[in-house]
Amino acid sequence: MTRIYSFHGGIHPPENKRQSLGAPIRQAPLPARLILPLQQHIGKAATPLVEVGDQVLKGQKIAEPTGHVSAAIHAPSSGIISYIGLQPVPHASGLESPCIVIETDGQEQWCELHPIENYRDLDKKELLKHIRDAGITGLGGAGFPTDIKLNLSKDHIVNTLIINAAECEPYITADDALMRERPNDILTGVEIIAHLLQPSKILIGIEDNKPNAIKALRDAIRERNLPIELVVVPTRYPSGGEKQLIQLLTSIEVPSGSIPADVGIVCQNVGTAAAIYRAVIHGEPLISRIVTLTGFALGHRQNYEALIGTPFSVLLEAADVDRSKMFRLVMGGPMMGISIEDDRIPLIKTTNCIIAATQEEMPPAPPAQPCIRCGMCEQVCPATLLPQQLYWFAKGREFEKARHHNLFDCIECGACAYVCPSNIPLVQHYRFAKSEIRNEEAEQLKAAQARERFEARQARLVREELEKEQRRKERAEAAAREQARKKAEADSVSSDTPDPEAELKKLKSAASIARTKLKKASEALKNAEEKGLDGTEKLKETVAQLEEKAAAAENAWQQATGAEQ
Amino acid sequence: MTIILTAILILLSLAVVFGVILGFAAVRFKVEGDPIVDQIDGLLPQTQCGQCGYPGCRPYAEAISNGDAINKCPPGGQSTIEALADLLDREVVPLDAEHGEEKPKMVAYIREDECIGCTKCIQACPVDAILGAAKQMHTVIVSECTGCDLCVEPCPVDCIDMIPVPVTPSNWKWPAPVSDPNLIWTDRGRGHLLQEGSE
Amino acid sequence: MSLIHLSSPHVSKANATDRVMRLVLIATLPALIALTIFFGWGSLIQLLLACTSALAFEAVCLRMRKRPILFFLRDGSALVTAVLIALAIPPFAPWWVVVIGTFTAIVIAKHLYGGLGNNPFNPAMVAYALLLISFPAEMTQWNAPFVLIGDNWNVLASFTDSLVIIFSSINHGMIDAYTGATPLEVLKHRGGMTTEEVWRNDPVLSQGVFAWYGISAAWLMGGIFLIYRKVFTWHAPFAMITTLFVLSSLFYAGDPSNFADPFLHIGVGATMMCAFFIATDPVSGATSNKGKVIFGIGVGALIYIIRTWGSYPDAAAFAILLMNLSAPFIDHYTQPRSYGHARANRGIGGGK
């Protein structure tokens, strides 16, 4: 026997499970319209493959995954695509989201299926692609695409495969019913998962409040002699939380911000295992699931096998709803489910339970009283947080402090709000704080992006300006170079003969110098003659010489200019 | 006399010792902070809309660090003013209406049938969020648009609309819970809001 | 049909604040009975007086703060404060003592700080400390337990006479004959006598101490009942009593003639009441289990220190108020290690 460990906190809310376990799983009616939201899973919404007016067959793929983390969607029944566009979807916001609507024709005509006879002979990649093509997502709650979780063995070593059969939330019995009635489907699914992951240990964690399911599974395991260990854990909410179940069965804590595979563990829900079985062995994609219809406003509280896309109203009618008594409609369990205000919304892959509660059953929350810091929330918190401190921080919008107190490790299980004597809507405070922080982060990211783009643009403008400048400069330089080159060309032509112009200048200046000298000499002579000085003879001689020279120079210049002209 | 001298000496030597210690600490444990302009820039919404009168967020951040008012940013709104006031230790003031009013987040949308491909909006966009070429239809990259509205004015055929960003399940936010009667003494006068539904 | 945006969970445990307060009130019953048996009708009269005045003050405050009056009166927190004050003061103190006490507790210590959940100090202890400092004579005049007065206790046993004593200052002298000191006072003001001599010579200790033990036992009973009903955890009371016991044992073992024995420390005075009804007050105490232990240790140590070396014979109020001051600090440094984290966070974080 595997040792069972424990997790911090937890609560024991009234189970309310027996009401829906009185009858076996019943087939839900085929609705006239099936509404299939493109986003039923975590990740990106699927991309439609069909257009309005197309005829589709049961099981035909009508939307394919967009990118890695996404899942395909199939037509749950045959019919005609009547509308693709916004429709109310099961979401806490109550907003609309893109959907494909099929008008069913009642023929239930299957498309061609591709069952895999012996999956062990198939390449693992092929098998994974087959599972991806079947559009399987986690059926337990969050709806993470299953093929991605099963493809982890590439970069993770998986020691332990945990099959989550705890189903700890009150009211919900979908997994319980599945285990009672189809234990072999589940076990074959587990075998396929184990084939893909090759874990050294396979554990099925189940709460001790499901004796019939435990017996059915145990018998099936013994009969088939499988290496699977069924671990019965005490009933305590939220033991079915992935992290809590891992702690219960292995005492390992998944580090904050990591996935279980990082510590060698993969967790799958029993419903998912059964869906994998159907997809591989029968080739049927995920087009239906088991859903618990319960709550005291219903006449037939039991589990139904319903097509994905069936509107809630159809299911409620099938379960004989008394609308005058219905006070609150919840999808999921009473602890973590979302309240629905419009019963036209469809069943999606993650809808495990629909509660049509009367006012006595789920009365409106009394007004919140002041927090008296009683600390009961802290005693029950399965993540060992300090819920009341988080509450003060969320209320005071001190998000940084809330984050420091590990707000993002909160799994929103609702245990704190359940025990709060002052009826404070703690979980909503945390959700508010979380979405504010996420929004702030997204805005900051966007601002950073905008800044980057703005700066890139500024840089580009500056660069363009510089380039322009550069080009202008280059053009000017090129022009100058061109001129210089021309001149150089001209120079090289006249380089053998002396420059006529320079010669001319020389001659001209020589002539003018000679003239000046002559002038000065004649003036000196005149002076001397006037004063009757001695040596005028000599001066006269000089002047005559100079006159000669000047005449020669003048002559040479005149000649040169003449030659030039 | 000696007592006074001793006292002065002791105080002096204490002053010297502590001065040295403080000086050492100031050097040794110096806190490297972001330059204030970067911090201010980090708080601005980076729409680059220029409604503040500066050509972009960074120039406005520089202006603020030089003493300009902190209430000139309509896209950032009151929350940005509060954050800036907190950072700069200034008074929180309401948004200056001269520079515009706080509006919900917008995104530009080009009616593509009417676009003539003039590229004027492309030149106006501060974050290069419009794609297109001359004589070709233009379109806005929604994820990059900051909603600054600078492209609306230059369009010669008025084919650009500013539409509010739609709320979808993926960007929807949980609202804060209401009906919490836990207020303090200074809240008197607001109690009637809480009495409904409580009594 | 249903409401939009209604956050989960959709069910909650029927576990309202008023239920918690009611349990606390029930748990004070043994102490009330014990006080009445050992000291007469005084405590019951004080209790009625305290409850009436506390509710009146609470209503006036809520009215002034424009809060829904009935909604908040029903939470019972004012009653708990009133009962604790009434049972902590001397049974035959004049009426205005308890009225001033409830006024201090409700108006000053609670509503001026923002009402239930926002008060940093335990209101009852603020009131008690204020009364002790302002009216030392009235606050230390405990009448002697019946076991000491012998046959002369008719006056104290009569309900009407008790009323007269409490409400008329003229006849206040009526009980002078019966007033005596509490065991802790006797020890404090023993002069040069050794502990042993005091025990032998003073009837308050030699015979009367059993009355005090009885009352402590009654408080203990109530406390265990509350732990059993999961109103609070064992951490703070256990830590407080253990600390007090260990400290007093150490000193008593070292010097028996000068220090009181450990059983006296935990058996008389306000120790038990403080451990189970004051130190466990969630509003003004520490939050996490580790924090509660530290809070309890602090209270226990302070009680011993003030009792032994301080100028007041009993110390619960001061010890609690001092630890109330440090509760936020304790909280910041005793965060539990969250799931998936290698170690616990320290400090408040995100602060500037």
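Please keep in mind that the model is predicted.

**Confidence in chain B**

Helix 1 of chain B (residues 2-28) has the highest confidence, at a mean of 92, while helix 6 of chain B (residues 192-195) has the lowest, at 37. Across residues 180-199 of chain B, pLDDT stays under 50. For that stretch the model has 33 contacts beyond four places in sequence.

Chain B splits into domain 1, covering 36-99, and domain 2, covering 104-167. Their C-alpha centres are 25 Å apart. Where the two domains of chain B touch, six residues of domain 1 are in contact with seven residues of domain 2. The domain 1 side of this contact consists of one nonpolar and five polar residues, with no charged ones.

Chain B also touches chain A: 26 residues of chain B are in contact with 24 residues of chain A. On the chain B side, the residues comprise 12 nonpolar, 10 polar and four charged.

**Strand pairing in chain A**

Strand 7 of chain A (residues 79-88) pairs with strand 4 of chain A and with strand 8 of chain A. The table sets out both pairings.

| Partner of strand 7 of chain A | Bridges | Direction |
|---|---|---|
| Strand 4 of chain A (residues 55-56) | Two bridges | Antiparallel |
| Strand 8 of chain A (residues 96-104) | Nine bridges | Antiparallel |

You can pick out individual partners in the structure. A:Val56 has A:Gly79 in strand 7 of chain A as its bridge partner, and A:Gln87 faces A:Ser97 in strand 8 of chain A.

**A helix crossing in chain C**

In chain C, helix 2 (residues 42-64) and helix 5 (residues 95-110) have axes that come within 9 Å and cross at roughly 35°. The crossing of these two helices of chain C is right-handed. From helix 2 of chain C, the residues that meet helix 5 include C:Gln46, C:Leu49, C:Ala50, C:Phe57 and C:Cys61. Among those on the helix 5 side are C:Trp95, C:Val98, C:Phe103 and C:Ile106. Sorted by class, the contact between helix 2 and helix 5 of chain C holds 11 nonpolar, three polar and one charged residues.

Technical notes: Residues are numbered from 1 along each chain as its sequence is written. Chains are lettered from A and ligands numbered from 1 in the order in which they are written. This is a predicted model: local features need pLDDT of at least 70, side-chain atom pairs count only at pLDDT 80 or more; totals for chains, interfaces and linings use all residues. Ala, Val, Leu, Ile, Met, Phe, Trp, Tyr, Cys and Pro count as nonpolar, Asp, Glu, Lys and Arg as charged, and the others, Gly among them, as polar. Domain bounds come from an automatic or database domain assignment. Two strands pair if DSSP finds at least two bridges between them. Helices (H or I, at least four residues) and strands (E, at least two) are DSSP runs, numbered from the N terminus. pLDDT is the predictor's confidence in each residue, from 0 to 100. Axes are lines fitted to C-alpha atoms, for helices over the stretch in contact, and angles run from 0 to 180 degrees between N-to-C directions. A crossing is left-handed if the near helix is turned anticlockwise from the far one by less than a right angle, and right-handed if clockwise.
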